[in-house]
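Student: Let's work through this one a question at a time. I'd like the cut-offs along with the answers.

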Amino acid sequence: MIKRDQEMANWGTPQGPGPVVSTVVNIQPEMAVPDHIVWSLFNTIYFNICCLGFVALAYSVKSRDRKMVNDMIGAQSYASTAKSLNIAALVLGILGTIGSIVLVVLQAVTIAAAVARQNHRGYS
């Protein structure tokens, strides 16, 4: 009777070290795919040479849409195209701006030279 009571008393307690169970959770980091939407918007407003800024904005929006449906490969493809178009629009816009400034300065110098020649002839 005493042996039976001791066996029943030990039922709720662990008898010894049991196997250690571990759980491994693999968390894949989210890919941060930039969609370049702010850059595209800037190029659309300021450097819209040949509508490159607008087309880049369209690709940026497509990239953002692909990210929303977790298609990271499609989002990366559209973002890469938007980045290339943004670079082209920015370079062409800057070159156009510099070219316009050079033309205005050359025209002002030409006009000033013509006025100086005309004034010089008047005093002869």
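**Rings, fold and contacts**

Student: How many aromatic pairs does the count come to?
Tutor: Bear in mind that this is a predicted model: local features need pLDDT of at least 70, side-chain atom pairs count only at pLDDT 80 or more, and totals for chains, interfaces and linings use all residues. Residues are numbered from 1 along each chain as its sequence is written, and side-chain values use heavy atoms, with hydrogens and water left out. Rings of Phe, Tyr and Trp (its six-membered ring) pair if their centres lie within 6.5 Å, and planes under 30 degrees apart are called stacked, over 60 edge-to-face, the rest tilted. By this rule the number of aromatic pairs is 3.

Student: Is the pair of Phe42 and Phe47 stacked or edge-to-face?
Tutor: The two ring centres are 5.9 Å apart, so we look at the angle next. The planes of Phe42 and Phe47 stand at 70 degrees, so the pair is edge-to-face.

Student: Which residues do ring pairs link into a cluster?
Tutor: Go back to Phe42 and Phe47, whose centres are 5.9 Å apart. Ring pairs link them with one further residue, making a cluster of Phe42, Phe47 and Tyr46.

Student: Which residue lies over the face of Tyr59?
Tutor: A charge sits over a ring if NZ of Lys or CZ of Arg is within 6 Å of the ring centre and within 35 degrees of the ring normal. At 5.3 Å from the ring centre of Tyr59, the residue over its face is Lys62.

Student: What pattern does the protein chain follow along the sequence?
Tutor: Its secondary structure comes to 4 helices and 0 strands. Read along the sequence, that chain has the pattern α-α-α-α.

Student: Which residue's side chain does Asp35 join in a polar contact?
Tutor: Asp35 sits in the loop between helix H1 (2-9) and helix H2 (37-46), and at 10% relative accessibility Asp35 is buried. A polar contact is a pair of N or O atoms within 3.5 Å; within protein, one must be able to donate a hydrogen and the other to accept it, and residues adjacent in sequence count only if both atoms are side-chain atoms. At 2.7 Å, the side-chain partner of Asp35 is Arg64.

Student: Which residues does Leu57 touch, leaving out those up to four places away in sequence?
Tutor: Leu57 lies in helix H3 (residues 52-68) and is buried, at 18% relative accessibility. Touching is contact, meaning heavy atoms within 4.5 Å. Beyond four places in sequence, Leu57 touches Ile37, Ser40, Leu41 and Thr44.

Student: How many disulfides does a search of the whole structure find?
Tutor: A disulfide is a pair of cysteine sulfur atoms within 2.5 Å. Searching the whole structure, the number found is 0.

Student: How far away is the nearest cysteine sulfur from that of Cys50?
Tutor: Cys50 is in no disulfide, and its nearest cysteine sulfur belongs to Cys51. The distance is 7.5 Å.

Student: What is the phi of His36, which is not a glycine?
Tutor: Most residues other than glycine have a negative phi. His36 is in the loop between H1 and H2 and is buried at 19% relative accessibility. His36 has a positive phi of about 55 degrees.

Student: Where is Asn70 found?
Tutor: Asn70 also has a positive phi, near 60 degrees. At 62% relative accessibility, Asn70 is exposed. Its place is the loop between H3 and H4.

Note on methods
Helix = DSSP H or I, 4+ residues; strand = E, 2+ residues; numbered from the N terminus. Buried < 20%, exposed > 50% of the residue type's maximum accessible area, 1.4 Å probe, protein only.
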